[in-house]
Structure formats: structure tokens, C-alpha cells
Amino acid sequence: LKLNHEINLRFIPHIRGMSSAKPPKSLKDIWDAKTSLFDAVEDSDIVLFWRSSAIFQAVLMNKKVLFLSFVAPKNINFLWEENLSSKSVVNNEDELFEIIENYSKDDLIDNECFKKVIWPNGDPWKNASDFLDSIYKKN
């Protein structure tokens, strides 16, 4: 992907343990330890992940999320995995290239399986607002 000049690929190292590490040679040109996860996701069209909480930020911002199953650890059962749309699972590099090649900003984004894990009890903004209202009313 990094060889395709039409793609602005960034590797955001995990804040715990990776952000101060030196990047592997193959990732040196795309390693971005200075951009926050929020900004990186906000500025992206597609978020690729294999084991990261970045998916939560991407879902909240309604970004296209692709799970790189061929990179993910095989011994972990993710809560959302059984409901994941097959359109969001990438099984190999060829599939990844094909998905990105055919991607359009007008594509429908289906993050429902993630939403059920992130906010199982309805809209998170309304829930947070109701919670803050309840505190305010007590005082």
C-alpha cells in the first residue's frame, strides 16, 4: 500500500509501548508517532486494524473499518467478530488491494456489529447527556 502514491498511508503506533520505539525499516516512511489517534482517524477514509481500540474511534466517526484478519492473532475471540459483515473482513493482501481499489467515499458504511459492542444501550451521546443531566439535577 505504501508504494501506491494515491494513498496517504499512515501507521500510528500504539501509545503504550510503540510510540517511542523506532519503526521497522519497512514502515519508516509511514510511521507517524506524532499524530493523535483522534486526528488520524478523523482525517482518514478507511481505518485498517487487526487488534486496536482505533476501531471505536472510527465507528464513532462513521469511517469505513477493515479488519485485517490475516494479520490478527488467531487465538483471540473479539466480541463483535461473529456479527462482522464479510465486507469488513480482509483475509489476505489481494483482497485488501481490491477493496481499496474499488473504494468510493459514497459507499455505505456498515459498522453495526461494532456499535452493538460500543454502545449496547442506545445512542452514546444521549446516554452521556442523560447521565450529566442526572448529576446536574442532583446538585
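The following conversation goes through the terms used for this predicted model and the values behind them.

Trainee: Before we start, what should I keep in mind about the numbering and the model?

Mentor: Residues are numbered from 1 along each chain as its sequence is written, and side-chain values use heavy atoms, with hydrogens and water left out. As this is a predicted model, local features need pLDDT of at least 70 and side-chain atom pairs count only at pLDDT 80 or more, while totals for chains, interfaces and linings use all residues.

Trainee: What makes β2 and β3 a pair of strands?

Mentor: Strands are DSSP runs of E with at least two residues, helices are runs of H or I with at least four, and both are numbered from the N terminus. Two strands pair if DSSP finds at least two bridges between them. Strand β2 (residues 64-68) is joined to β3 by 2 bridges, and the two run parallel. F67 has V89 of β3 as its bridge partner.

Trainee: Which strands are called edge strands?

Mentor: The open sheet has 3 strands in the order β1-β2-β3, with parallel pairing. The edge strands are β1 (46-49) and β3 (89-90), as each pairs on one side only.

Trainee: Why is the pair of F49 and F67 called tilted?

Mentor: Rings of Phe, Tyr and Trp (its six-membered ring) pair if their centres lie within 6.5 Å; planes under 30 degrees apart are stacked, over 60 edge-to-face, and the rest tilted. For F49 and F67 the centres are 5.3 Å apart and the planes are at 40 degrees, so the pair is tilted. F49 lies in strand β1 and F67 in strand β2, so the pair ties together parts 18 residues apart in sequence. A search of the whole structure gives 3 aromatic pairs, and F11, W31 and W50 form one aromatic cluster.

Trainee: How do you know whether F49 and F67 are buried or exposed?

Mentor: Buried means under 20% relative accessible area, exposed over 50%, and partly exposed in between (1.4 Å probe, protein chains only). F49 is at 2% relative accessibility, so F49 counts as buried. F67, at 3%, counts as buried too.

Trainee: What makes the contact of D45 and K105 a salt bridge?

Mentor: The term asks for a side-chain nitrogen of Lys or Arg within 4 Å of a carboxyl oxygen of Asp or Glu. The side chains of D45 and K105 meet at 3.8 Å, N to O. D45 sits in the loop between α1 (37-42) and β1, and K105 in the loop between α3 (93-102) and α4, so the pair links distant parts of the chain, 60 residues apart. The structure holds 1 salt bridge. D45 is at 36% relative accessibility and therefore counts as partly exposed, whereas K105, at 63%, counts as exposed.

Trainee: And why do K116 and E112 get separate labels?

Mentor: K116 is in helix α4 (residues 112-118), and its 53% relative accessibility makes K116 exposed. E112 is also placed in helix α4, but its relative accessible area of 42% makes E112 partly exposed. For E112 and V59, 53 residues apart along the chain, the C-alpha separation is 8.8 Å.

Trainee: Finally, where is L132, and is L132 buried or exposed?

Mentor: L132 is in helix α5 (residues 124-138), and at 53% relative accessibility L132 counts as exposed.
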